[in-house]
Amino acid sequence: MKLGPHWLRERRFWRPRAERDVDDELAYHLAMRAELLEAAGLDAQSARDAALQRFGDLDEVRDRCITISHERERRMQRLELLGSIREHTRYAFRRLRAAPGFSAAVVLMLALGIGATTTVFGVIDGILLRPLPFPQSERLVALTHTIVVSGISKIDQSDATFMLYQRHATHAFESVGAYRTTDVNLGAHGGEAASAERVVAAGVTASLFPTLRAAPMRGRAFGPQDDRPGAANVVILSSPLWKRRFGGDADIIGRRVVIDGVEREVIGVMPDDFHFPASTTGLWMPLGFDPARASVGNFNFKGVGRLRPGITPETGAAELAQVLPRLFDEFATEIPRKMFEQAQMKPVVRPLRDAVVGDVGRLLWILLGAVALLLLIACANVAGLFLVRAEGAQRDIAIRMALGAGRGAVVTQYLTEAMLLAAAGGVAGVLLAFAGVRALRVSPAGADLPRLAEVGLDVRVLLFAIAATVVSALAVSLMPVLRARRVAPGVVLKEASRSATVGRERQRARSALVIAQVALALVLVAGSTLMARSFSQLRDVRPGFDARRVLTVRLALPDATYPDAPATLGFYDRVLERIGALPGVSSATVTAWLPFTDDHNDSVITFEDQPLAPDAVPPDHLITFVGPTYFGTLGIPIVSGRTFERPDATRPSSEAIVSRSFAARYWRGQSPIGKKIRSNISGPWSTIVGVVGDVHMESLERPADELVYFPLVTSDRDTAYVPTNVAIALRTTGADPMSLAPALRKIMRDLDPTLPTYEERPMLARLAGATARTRFVMLMLGIASLVALTMGMVGLYGVLAYGVTLRRREIGVRMALGATMSDVTRMIARRGITLAALGIVAGLIGALGATRLLHGLLYGVSPTDPTALAVTCIVLFVVALVASWLPARRAAALDPMEALRND
Amino acid sequence: MADSEIDLLRSSLDLLVLKALSWGPKHGYAINEWIEGATDSVLLLEEGTLYPALHRLERRGWVASEWGVSENNRRAKFYTLTAAGRARFRTQAPVWHRHAEAITAALRRTSANPA
């Protein structure tokens with residue numbers, strides 16, 4: 001066969017097929033033409049040249065033909081692929097529809113697994129992974145300090161330090177802002193009592209919003225003219241507050257509202273998705289720092305900065321450290337400079353997102369691990385179901401293979417079925433996740449997760465769901481696919497209906513899957529048992545007071561209507577008098593700080609009999625101001641001495657009471673009664689008149705706080721001071737303190753209708769909040785464990801039941817030879833227990849490693865706590881027994897004649 | 001459709017090829033000979049332009065190709081008309097005639113006035 005012109009021949013062997021074809025085709029044409037010309041008399045070379053001449057531009061034609069050929073090939077391949085996919089899918093669909101029980105079970109289990117995993121990942125994505133919703137948020141940083149002072153190690157900003165940084169740290173920072181959260185009373189213009197409410201608010205510097213690059217959607221932001229002392233009073237509202245309280249009034253700008261008794265003009269409304277510093281923040285007011293009256297040592301403000309492009313947090317911190325020593329040059333203060341230096345204050349700059357998210361990361365990743373285990377268990381279960389199904393379809397496959405379907409076709413079939421089911425499970429799972437995330441947003445089980453308002457299902461979460469679906473599909477089809485490759489069609493078709501050998505192999509595989517499921521379930525159950533023990537240990541911690549039968553409510557008296565100590569104290573006296581007159585009340589009190597309220601008060605303490613070394617830093621302790629009936633109402637024991645005298649607004653008291661651990665620390669053994677202390681480095685002393693039992697004020701996990709109590713009326717630079725932001729607590733004789741809530745509200749309304757009260761709840765509820773996070777994790781792990789146990793039980797049941805079917809003949813023979821029903825039962829049950837035992841052992845090994853991950857969340861319990869692990873093993877054992885019982889009974893109920901006859 | 005309205009020459013070649021194949025399969029060289037003969041050698045194309053046209057027609061599904069052995073025992077690519085190609089010819093040939101008549105009439109005009 002002549003191949004054509006030699007100039008095309010060389011390239012023949014390493015060209016792809018399309019190009020070879022085109023070359024051959026064109027070569028043929030040229031050869032024919034050349035031959036004709038030769039026959040007409042030309043010599044070979046001229047004939048070839050003339051043929052080329054007539055042909056035209058050979059290269060161009062060749063290229064065009066090749067391009068078109070390639071296009072055609074690609075299109076054909078595409079069509080073939082699509083057709084093949086369509087065929088496989090249609091066939092898979094038909095087969096699945098013929099097995100509705102199987103399909104439903106698989107979809108359900110995968111939906112649970114994928115749904116749970118996607119929900120938790122969605123939460124992780126919204127809280128931990130997504131950047132803060134501000135432009136270039138990676139340059140936003142939180143500004144704090146570390147400090148070496150007894151009792152504290154971290155502090156925020158004072159107005160002086162903030163103003164200092166704002167003035168001088170301009171090289172590293174584009175801008176800085178400060179804020180402080182607070183609660184305010186919001187009354188409408190005119191102060192209608194009915195609509196007064198308590199709102200979470202934030203005082204901000206005018207520079208804060210520009211630092212975040214956030215702007216109001218209506219009106220304007222604060223400017224420097226609003227943020228000066230003596231400026232006109234203004235306020236910016238949040239969008240939810242504006243819609244809820246002012247009906248989304250289009251004319252809101254310019255309206256006046258009353259906040260804490262002060263009239264303010266609304267100048268702006270922030271957009272819907274602006275949640276700073278928290279999603280509950282309802283309005284913002286300027287802080288109005290005054291450089292002339294800056295307070296160097298009161299670190300009550302949080303600082304935020306925006307780094308300039310290219311500047312790292314370390315560089316920023318270095319610049320702040322350089323600027324800090326100038327604090328004393330620029331701001332007047334009583335604090336000696338040396339004391340400040342001894343405190344070794346160092347600025348800390350870290351990403352704002354880390355500061356907002358806090359320590360909730362660990363908890364969330366552990367939850368993700370737990371639901372991933374659940375997904376694995378679900379996949380193992382489904383894989384087992386697939387194996388059974390493959391068994392049933394053996395003949396079908398053997399026939400198809402005998403008719404010419406390659407192994408590849410069978411594998412593709414399995415994969416298609418698995419993908420279809422997984423896709424259905426994935427879609428259902430995403431819907432579940434949707435509902436789950438929404439449920440979590442509405443009632444976060446008290447875990448108080450930050451940034452929860454930003455959690456939603458976005459692209460990344462959906463991609464995760466798709467990935468989980470694909471991985472699940474591959475995982476569940478893996479075993480049947482591997483087995484399919486070993487099916488010899490001849491063997492299968494020859495076997496009558498028993499196919500016992502292959503069945504046995506499949507049983508082994510399924511048994512392995514069940515053991516894996518039991519092991520994974522054990523890890524989950526171990527985790528939740530440990531959390532449950534932590535929770536109960538935490539609840540057993542004595543808080544130091546008796547929370548039962550106590551009703552509490554918080555209130556804040558505005559300066560405008562209660563301008564001085566006598567007015568404030570007078571109000572408290574009237575309230576307590578009326579409450580005391582209510583039936584069912586045994587005592588009532590006023591306090592500036594109730595335990596387990598999100599408040600925090602601390603102060604330096606100096607001692608008359610233990611004077612400070614010159615320029616040493618005095619220790620810092622929690623302090624609060626309480627009325628004389630406080631200890632009795634809350635059930636705090638008075639260890640020695642007495643409680644405060646009745647407060648008198650005209651005579652500030654110089655009494656103090658300390659907690660037992662405070663006394664032990666400073667007067668080790670001696671009685672502190674009569675000693676003098678004060679909450680300042682200079683000024684008048686207070687005398688200790690009593691020692692009371694320790695109380696946990698903020699956390700049950702940490703040891704009880706060393707607390708100092710001061711009376712309601714104290715002196716503050718020559719004037720009497722009575723705290724205006726307080727809580728009222730009353731102890732009832734009846735069992736339900738909330739039953740007195742309406743009466744309490746009525747008293748408050750009668751005495752001052754414009755004063756809203758808030759956080760009205762029993763003390764027990766506040767205490768429950770302290771264990772909230774532990775309870776949340778326990779609940780989540782508990783739910784996962786329950787689902788895992790159910791799936792494991794179903795899996796074990798399935799294997800055993802199928803085993804009974806496989807061994808019918810054997811059982812029949814045994815019974816015919818004299819085995820009793822209980823023998824058979826025991827035989828089957830023993831198999832179930834063996835499988836479970838193997839799983840338990842494997843799971844224990846896994847659990848010993850895995851529970852280590854919980855160590856940050858556990859309280860009072862080690863990750864390898866023997867009791868918890870023992871309980872876990874017992875639980876799994878019992879579940880295995882239950883799962884084995886039914887198949888064992890079925891086996892025992894077999895009629896041996898039937899079994900032997902029905903081959 | 002776009003072809004026939006924009007590229008008159010290309011569509012002409014396509015129609016000629018379809019016609020050439022209406023009597024049975026031919027290889028590219030034979031099609032070229034037939035066209036030259038049928039147009040009375042009036043139409044002398046560069047022979048190369050035939051092949052992209054053939055490949056294009058195959059891509060559109062109007063002809064099908066198959067490798068076979070030619071009359072002188074050489075390996076050659078034979079083209080056949082498909083059912084779709086036949087239908088295409090039946091619809092497009094009248095269109096081509098109409099276009100050709102319209103152009104002829106326009107070229108014969110004696111006055112600049114379009115009406």
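## A helix pair in chain A

H13(A) passes H24(A) in a left-handed crossing, meaning that the near helix is turned anticlockwise from the far one by less than a right angle. The model is predicted. H13 spans residues 361–392 of chain A and H24 spans residues 772–806 of chain A. Helices here are DSSP runs (H or I, at least four residues), numbered from the N terminus.

The two pack at an angle of about 10 degrees, with axes 10 Å apart. That makes H13(A) roughly parallel to H24(A), a term for angles under 35 degrees.

## Who touches whom

Contact means heavy atoms within 4.5 Å. H13(A) contributes residues including Leu363(A), Leu367(A), Ala370(A) and Glu391(A). From H24(A) come, among them, Arg773(A), Phe776(A), Gly792(A) and Tyr802(A).

By class, this contact has 16 nonpolar, three polar and two charged residues. Asp, Glu, Lys and Arg count as charged; Ala, Val, Leu, Ile, Met, Phe, Trp, Tyr, Cys and Pro as nonpolar; the others, Gly among them, as polar.

## Confidence

The model scores ipTM 0.86 and pTM 0.73. Chain A has a mean pLDDT (the predictor's confidence in each residue, from 0 to 100) of 84, and 93% of its residues reach 70 or more. Over residues 190–194 of chain A, pLDDT is below 50. Where pLDDT is low, the predicted coordinates should not be read in detail.

Chain B has a mean pLDDT of 85, with 90% of its residues at 70 or more.

## Conventions

Residues are numbered from 1 along each chain as its sequence is written, and chains are lettered from A in the order in which they are written. Local features need pLDDT of at least 70.

How values were computed
This is a predicted model: local features need pLDDT of at least 70, side-chain atom pairs count only at pLDDT 80 or more; totals for chains, interfaces and linings use all residues. Side-chain values use heavy atoms; hydrogens and water are left out. Axes are lines fitted to C-alpha atoms, for helices over the stretch in contact, and angles run from 0 to 180 degrees between N-to-C directions. Angles under 35 degrees count as roughly parallel, over 145 as roughly antiparallel, 65 to 115 as roughly perpendicular and the rest as oblique.
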